[in-house]
Amino acid sequence: FTLPSLNGKWEAFSRPDKGYTLIWAWSDDDRNHRQCVDSIKRLESLYGKRLAVSTILIDADTMRWRSRIKSDSITQWSHYWAPGGPNSPSIKSFGLMRTPTVLLIDSFGANPYRGNSIAAAEKLIKDNDAKRSKIKLIR
């Protein structure tokens, strides 16, 4: 589905050119916001070129959204907003009922992880990398 991006254009947010797209749905009042940002930055540093990061704000206030992105120093990520917050038809159709929610989408468009743990998403990437390494060794 598509949502308005930081530049105001409606865009799709999955990046099939990357191995994975990590989508982080958040709201401004999430208590562990700073911890999530730090965890995603660490994950990005580990998987850089193979990981695209997209965020979806599920709040009505876009002014705080823009300032929070700057203050978190996460301008390099793709940022989207759900007009209407949790009542947005796009958000409802995708089943994002609470924040924070982390979705991991692979290059095939499959959604191997949906939950609230960035560590669990990272474990899935590591496990998949280990499986791929074994397959390469067998060939």
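The exercises below, with worked solutions, concern a predicted model.

**Exercise 1.** Determine whether the end-to-end distance of helix H1 agrees with its number of residues, and where its buried residues lie.

*Solution.* 
1. Helix H1 covers residues 33-47, which gives 15 residues.
2. Buried in H1 are His33, Cys36, Val37, Ile40, Leu43 and Tyr47.
3. Viewed down the axis of H1, these buried residues fall within an arc of 130°, and therefore they line one face of the helix.
4. Gln35 and Ser45, on the other side of H1, are exposed.

**Exercise 2.** Identify the elements that contribute to the largest nonpolar core, and the one with the largest share.

*Solution.* 
1. The core has 23 residues; Leu22, Trp24, Ile40, Leu51, Val102 and Leu104 touch the most other members.
2. Two or more residues come from each of strands E3 (20-26), E4 (51-57) and E6 (101-106), and of helices H1, H2 (62-71) and H4 (118-138).
3. H1 gives the largest share, 5 residues.
4. Another core, of 11 residues, lies apart from this one and includes Ala25, Tyr80, Ile91 and Leu103.
5. Beyond its neighbours within four places in sequence, Val102 contacts residues including Leu22, Trp24, Tyr113, Ile118 and Ala121.

**Exercise 3.** Classify the aromatic pair formed by Trp24 and Trp26.

*Solution.* 
1. The model contains 1 aromatic pair.
2. In this pair, the rings of Trp24 and Trp26 are 5.6 Å apart centre to centre, with 20° between the planes.
3. Planes under 30 degrees apart count as stacked, so the Trp24 and Trp26 pair is stacked.
4. Both Trp24 and Trp26 are buried.

Note on methods
Residues numbered from 1 in each chain as written. Predicted model: local features only at pLDDT ≥ 70, side-chain atom pairs only at ≥ 80, totals over all residues. Heavy atoms only, no water. Phe/Tyr/Trp six-rings, centres within 6.5 Å; stacked < 30°, edge-to-face > 60°. Buried < 20%, exposed > 50% of the residue type's maximum accessible area, 1.4 Å probe, protein only. Helix = DSSP H or I, 4+ residues; strand = E, 2+ residues; numbered from the N terminus. Expected span 1.5 Å × (residues − 1). Arc of directions from axis to C-beta. Core = buried A, V, L, I, M, F, W, Y, C linked by side-chain atoms within 4.5 Å. Contact = heavy atoms within 4.5 Å.
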